[in-house]
Amino acid sequence: MILAILQARFSSSRLPGKVLKPLLGKPMLMHQIERIKQSSMINRLVVATSVDNSDDSIELMCKDNGVEVFRGSLDNVLDRFYQCTKNYNAEHIVRLTGDCPLTDFKLIDKVIKKYLLTKSDYMSNFLIPSYPDGLDVEIFKLSVLENAWNYAKMPSELEHVSLYIRKNLKSDENSNYRSEVDLSKFRWTVDEYEDFIFVKKIYEALYFDN
């Protein structure tokens, strides 16, 4: 089974509450979930948030919309991911972050297909950047996540789920999904208020035209 875990928290330092900011009358995170759900390769999607009280609103939004949610450590996101997987019989984990409302389900599927075809342990589309920041996708075997959970010790490795995995890759090139055209200069993620305004304008211009 391919399990997608979408990590999200309310307490962003640069733009608090960004994942629930209204975008055309709907929380930004819910738009991203709807886009991810169009994937033909992902078998199950769960939102992984923290047990901190500030994330109660994320759990409520998920439950109100029939979205599976798991709550774990606020700061040790690696542990949150690993504990989440223990609830599912998943062989492969897709990691996505909740600040990417322009995420592309077709690109997600392409990365997954190449990962399965090459029988890789890990694959992403940002080891060698060629896609806009905000279209990040990574997928890895459960055994690889478990290894990271067992051996990662540095605070940065616990906060950033795949950092230990990427540090120990045998080959970056074989684990990278590259765009035919280098689009890495573009920024489509939401970290600052200006990013949200940019995404809001895109949704207002394109959403109702599919």
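**Exercise 1.** Which residues is Thr49 in contact with, leaving aside its neighbours within four places in sequence?

*Solution.* Start with the source: this is a predicted model, in which local features need pLDDT of at least 70, side-chain atom pairs count only at pLDDT 80 or more, and totals for chains, interfaces and linings use all residues. Residues are numbered from 1 along each chain as its sequence is written, and side-chain values use heavy atoms, with hydrogens and water left out.

Step 1. Locate Thr49: strand S4, residues 44–50, holds this residue. Strands (E, at least two residues) and helices (H or I, at least four) are DSSP runs, numbered from the N terminus.

Step 2. List the contacts (heavy atoms within 4.5 Å): Ala8, Arg9, Asp55, Ile58, Val69, Phe70, Arg71, Gly72 and Arg80.

Step 3. Pick out the polar contact, which is a pair of N or O atoms within 3.5 Å; within protein, one must be able to donate a hydrogen and the other to accept it, and residues adjacent in sequence count only if both atoms are side-chain atoms. The side chains of Thr49 and Asp55 form such a pair, at 3.3 Å.

**Exercise 2.** Is Thr49 buried or exposed, and is His92 buried or exposed?

*Solution.* Step 1. Recall the cut-offs: buried is under 20% relative accessible area, exposed is over 50%, and partly exposed lies in between (1.4 Å probe, protein chains only).

Step 1. Thr49 has 0% relative accessibility, so Thr49 counts as buried.

Step 2. His92 has 15% relative accessibility and therefore counts as buried.

Step 3. Not counting residues up to four places away in sequence, His92 touches several others, among them Met1, Leu3, Leu116 and Phe140.

**Exercise 3.** Why is helix H1 described as largely enclosed by the rest of the structure?

*Solution.* Step 1. H1 covers residues 28–36.

Step 1. The buried residues in H1 are Met28, Leu29, Met30, His31, Gln32, Ile33 and Ile36.

Step 2. Because 7 of the 9 residues are buried, H1 is largely enclosed.

**Exercise 4.** How many helices and strands are there in the protein, and what is its radius of gyration?

*Solution.* Step 1. The protein contains 8 helices and 8 strands.

Step 1. The radius of gyration, taken over C-alpha atoms, is 16 Å.

Step 2. Of the 210 residues, 49% count as buried.

Conventions:
The radius of gyration is taken over C-alpha atoms; the globule rule is 2.2 Å times the number of residues to the power 0.38.
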